[in-house]
There are 2 protein chains.
Amino acid sequence: MEYSPGFGDVMVEKVYGVGVGPGDKELLTLKAVKVLKKVDKIFIPVSKEGRSSLAYDIVKDIVEGKPVEELLFPMIKNQECLKIYHERAFENIKSAQGEVAVITIGDPTLYSTFSYLWRLLKRDNIPVEIVNGIPSPFACAGRLNIPLVEGREKLVILPRGEDLERYLGLFDTIVVMKTKRLGEILKRILGKEERDKYLVGVVSKGFWEDENIQWGKIEEIDFEDINHYLSLAIIKRVDREDI
Amino acid sequence: MEYSPGFGDVMVEKVYGVGVGPGDKELLTLKAVKVLKKVDKIFIPVSKEGRSSLAYDIVKDIVEGKPVEELLFPMIKNQECLKIYHERAFENIKSAQGEVAVITIGDPTLYSTFSYLWRLLKRDNIPVEIVNGIPSPFACAGRLNIPLVEGREKLVILPRGEDLERYLGLFDTIVVMKTKRLGEILKRILGKEERDKYLVGVVSKGFWEDENIQWGKIEEIDFEDINHYLSLAIIKRVDREDI
């Protein structure tokens, strides 16, 4: 039997997960611009109803007049409760007409709110296409004017600073995506002499008007100033001969 | 004493390190297009004189008529010998007039030929600006239609498969940038039962006409087919409840 949609049974044709990069409009890809201009609707994840969305701020000039709908992803820890919000957001997308885009800061494959929806879209066999955006660790390295890794170096990306002592000795470069408590952690696990083996770059709200960029030894960084949720740190070992 | 350049003493004003992404022209950023159109010259790293450049193939329609110059980075292992090529490439850039761009596949901060020049440019206080491109691990995850990491997961990026056994237990997702011998390594370090704990995605020449994409269990992947230098693998643990 063929599927024949009736009234109230409309299903979205295709969902684009679009990364809009770290904050600079010019870091949008040509494909992101094309897709955002052609879709029938744009979904915008927000953490609170009516709160402005950084992702939308990046694209709003490009998509002026296009229908938009917010998806509520509150910043709560209760997984069961979060699932309800994810399912609700998913139902909203599913019942949209035509092709739609869900926008996300940075890249949809790296710690993105899109990944929760992605799983549900796949479960229901709804076509998904990813349009990559510049991921924030790379944009921040560019902003700091340093390579993340070269040659035979190894890179690790951690969602936050926990268990950092396990990774510090193993890798040339460590990216910590949220810097809350990072200063405290680094000072706890590294003795005074050991701290000189590292250089740290921290970028908070990179590419936005109120960006805060620091690069230096652990002692020189003002970690208090970088508690914004759009902050990250790049920790590089400098005690090796070839650095 | 002020620096006054004389004849034959021209020095480049600014160097842009421009990432052109993984291969799809549409994954260029708006900024990359703008910069490539405005610079006075484009430098193209090549591994052999006269050999076509994948990075240039991506941008050639955009920069038609623009002066280009090849920079020779041969694929040799002798570090002393390589240094001579880097210095020579650097001298060519340094003596160019106006603003120039050096293009690189993917992103300039991730295992890029640009990083060697970057060091020399900084040493001589020549202004450098990075224009990020979509890095290949993220583009390949998009192509495979999978997130790289979500929630509290940790990601590691390795330049090749060596020491892989050390990292397999520590990370949710491992990216191996060059897949040569990867099949062999995985089968050596993982017993038959352990292999089922992982799913592997391999992308060779992603976004090019002759791309090869595979996703499945270790036993199902044809590793022989993915020896191209533009190949990478994404190894994901699937034995955890929440995946």
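## Exercises on a two-chain model

Y111(B) sits in the loop between strand 4 (99-104) and helix 4 of chain B. The structure is a predicted model.

**Exercise 1.** Determine which rotation and which shift superpose chain B on chain A, and name the relation.

Solution. 
- Step 1. Two copies of a chain are related by a rotation about an axis and a shift along it.
- Step 2. Here the rotation is 180 degrees and the shift along the axis is 0.0 Å, with an RMSD of 0.0 Å.
- Step 3. This is the relation of a two-fold axis.
- Step 4. Of the interface residues of chain B, 100% are also interface residues in chain A, so the copies meet through the same surface.

**Exercise 2.** Describe the extent of the interface between chain B and chain A.

Solution. 
- Step 1. Count the residues: 53 of chain B are in contact with 53 of chain A.
- Step 2. Take the area: the two chains bury about 4700 Å² between them, and 56% of this is on carbon and sulfur atoms.
- Step 3. Find the main contributors: in chain B, E26(B), L30(B) and F138(B) lose the most area to chain A, together 13% of what that side buries.

**Exercise 3.** List the polar links across the interface and say which elements of chain B take part in the interface.

Solution. 
- Step 1. There are 30 residue pairs in polar contact between chain B and chain A, counting pairs with both residues at pLDDT 80 or more.
- Step 2. Several elements of chain B each supply at least two residues of the side that touches chain A, among them helix 1 (30-38), strand 5 (128-131) and helix 5 (136-144).
- Step 3. The largest share, five residues, comes from helix 4 of chain B.
- Step 4. By type, the residues of this side of chain B are 28 nonpolar, eight polar and 17 charged.
- Step 5. Six salt bridges are found across the interface. The side chains of E26(A) and K34(B) form a salt bridge, with N to O at 2.9 Å.

**Exercise 4.** In which sense do strand 6 of chain A and strand 6 of chain B pair?

Solution. 
- Step 1. Strand 6 (residues 155-158) of chain A pairs with strand 6 of chain B over three bridges, in the antiparallel sense.
- Step 2. I157(A) has L155(B), in strand 6 of chain B, as its bridge partner.

Notes. Residues are numbered from 1 along each chain as its sequence is written. Chains are lettered from A and ligands numbered from 1 in the order in which they are written. This is a predicted model: local features need pLDDT of at least 70, side-chain atom pairs count only at pLDDT 80 or more; totals for chains, interfaces and linings use all residues. Side-chain values use heavy atoms; hydrogens and water are left out. Contact means heavy atoms within 4.5 Å. Buried area is the accessible area (1.4 Å probe) that two parts lose on being put together, summed over both. A salt bridge is a side-chain nitrogen of Lys or Arg within 4 Å of a carboxyl oxygen of Asp or Glu. A polar contact is a pair of N or O atoms within 3.5 Å; within protein, one must be able to donate a hydrogen and the other to accept it, and residues adjacent in sequence count only if both atoms are side-chain atoms. Helices (H or I, at least four residues) and strands (E, at least two) are DSSP runs, numbered from the N terminus. Ala, Val, Leu, Ile, Met, Phe, Trp, Tyr, Cys and Pro count as nonpolar, Asp, Glu, Lys and Arg as charged, and the others, Gly among them, as polar. Two strands pair if DSSP finds at least two bridges between them. Copies are superposed by least squares on the C-alpha atoms of residues with pLDDT of at least 70 in both.
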